[in-house]
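Have a look at the fold before reading on.

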Amino acid sequence: MTRLIIGAMVRAIGAYPSGWRYPGAHRDPRGDAAVLRRAAEVAEAARLDYLFFGDWLATGHDLEFRDPYLVARIDPISAITYLAGVTQRIGLIATANTTYADPYSLARSTASADLLSGGRAGLNLVTGAEPRAAGNHGRDFHVANETRYDRAVEFELVLRRLWDSFDDDAIVADAASGVYLDPSRLHATDFHGAHLSVTGPLNVARPVQGHLPIVHAGTSPRSRLFAAQSADLALVAVSGMAQAAVIREELRALAFESGRDDRTLKVIAPVLPIVGETREHAQSIADELSELVQIAEDWPDGPPEAFPTNRSLAQLSTLVGVDLTGLSPDRAVTPSLIAGFSAAGQELVEIVGERTGRRPLGERPPTLRHLVVAASVNASMIVGTAEEIAAEFEAWGDAGAVDGFNVLSAVQPAQFEAFALGVVPELQRRGVFPTEYEGETLRDHLGLERPESVHVTPGDLVFPSVSRRDGVSR
Ligand SMILES: Cc1cc2nc3c(=O)[nH]c(=O)nc-3n(C[C@H](O)[C@H](O)[C@H](O)COP(=O)(O)O)c2cc1C
């Protein structure tokens, strides 16, 4: 039996494109503080391992038609620092972009978050896929994948050196002798690479966890290598259990080849459950959410040129191999219409059937809109009761496909709470998820050791010896 790692990927206005439109949903980011706090309290009461906050370094009107949660949201380090003060046990993971972040500032804010939370902070390092981030950070263009990862590799090394600036016992704080700091235990960073140059040391004490657990989320071959060599958790995008198993195997093999214990790399899949009291109830929620998604045909004059969208009948036509442009999105998908569909098109009709209960031969056939939406929502969705969703999680774990899940919630707070209060107890009943927090830190929750300082050899003193007023030479 596998002990799963379960975290929640928090998107305050919901992770489904139309989640914010669902009745009762949170939709105004000016109220995010209360929503995040409530989510943290509910998640902690359910004993989730961590809350996870993604990031995106630009905004624009187009994002409304792609991923509305990206339009306006709280900076992730601010979010975890805020939540550190209103929670006691749950881990708190923030995303940062190594292409644009400044390593000294990031080491400082994350070490601070770890100290403020008593060792519950984690850091998701991404290299970013949004070209507009360049203009927001004084760069001429978004550099290529290889260069981004070359910098990410340096970034991770620098972060660890900065976090290790102070040995654990560097601050002596001996009131009797007046000695505050043992300078032999404060280390220069002195990193000078092709992309980064940092003198150090960091002006924050060593994090409670030594190094914050590092997550990496990405898809490219370089991303896989980076995760295998540098991350504790690899967050992967998968279409289902079989693909997850292949990717986990590949990542663990790469980790082993890199000379590390491959069991220390945990592979986590994002998943979007739709939880209902019955299967039909869950399908009706998924159905309503599908109907609320805006697609290109909903614009009176078509989508603005500048807004590339994969939510259109044109895109669907390419996928299914039949020209559907010009038809109404609300046109029923009948057996005669799908007769000429490609295998991928037929599969899409099946997926819509599983998610929404709508079948071409049923009383309520799906519409073209349902197909457009299913083709464009790339999260792995599981629609069903708490028992069904927990059984699916357990099956993924038992098959060795994942070490755990990052759970997305379509609607805040309703679906988030349906998961925490319904699915989590069911996972606990099945024995695949603990009922109590045992350790104190996020590393404890993830089963990760606390690392030694990278400064294994003494002698790289930062400051020259000074004679103290009390005559003690150090
Ligand atoms: C599950 C998952 C979550 C991700 N979350 C973020 C995020 O919050 N912010 C971000 O800038 N990029 C995020 N990414 C994007 C990756 O960092 C990456 O930049 C993108 O996938 C481009 O591919 P590559 O970096 O693998 O080459 C995520 C990727 C995956 C697979």
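## Around the ligand

First, a word on classes: Ala, Val, Leu, Ile, Met, Phe, Trp, Tyr, Cys and Pro count as nonpolar, Asp, Glu, Lys and Arg as charged, and the others, Gly among them, as polar. Keep in mind, too, that this is a predicted model.

With that sorted, how many residues surround the ligand? There are 18 of them, and the closest are Gly 54, Val 126, Gly 218, Ser 220 and Ser 223. Split by class, the shell around the ligand comes out at 10 polar, 7 nonpolar and 1 charged residues.

Where the domains meet, 5 residues of domain 1 are in contact with 6 residues of domain 2.

## The chain as a whole

As for secondary structure, the protein chain has 16 helices and 13 strands. Its radius of gyration is 24 Å, close to the 23 Å that the globule rule gives for 474 residues, so the chain is as compact as a globular protein of that length. Along the principal axes, the C-alpha atoms fill a box of roughly 95 × 55 × 45 Å.

Of the 474 residues in the protein chain, 46% are buried. Now take the contacts between residues at least 6 apart in sequence: 74% of these join residues at least 24 apart.

Notes. Residues are numbered from 1 along each chain as its sequence is written. This is a predicted model: local features need pLDDT of at least 70, side-chain atom pairs count only at pLDDT 80 or more; totals for chains, interfaces and linings use all residues. A residue is near a molecule or strand if its C-beta atom, placed from the backbone, lies within 6 Å of it. Two residues are in contact if their C-beta atoms, placed from the backbone, lie within 7 Å. Helices (H or I, at least four residues) and strands (E, at least two) are DSSP runs, numbered from the N terminus. The radius of gyration is taken over C-alpha atoms; the globule rule is 2.2 Å times the number of residues to the power 0.38. A residue is buried if 20 or more other C-beta atoms lie within 10 Å of its own, exposed if 12 or fewer, and partly exposed in between; C-beta atoms are placed from the backbone.
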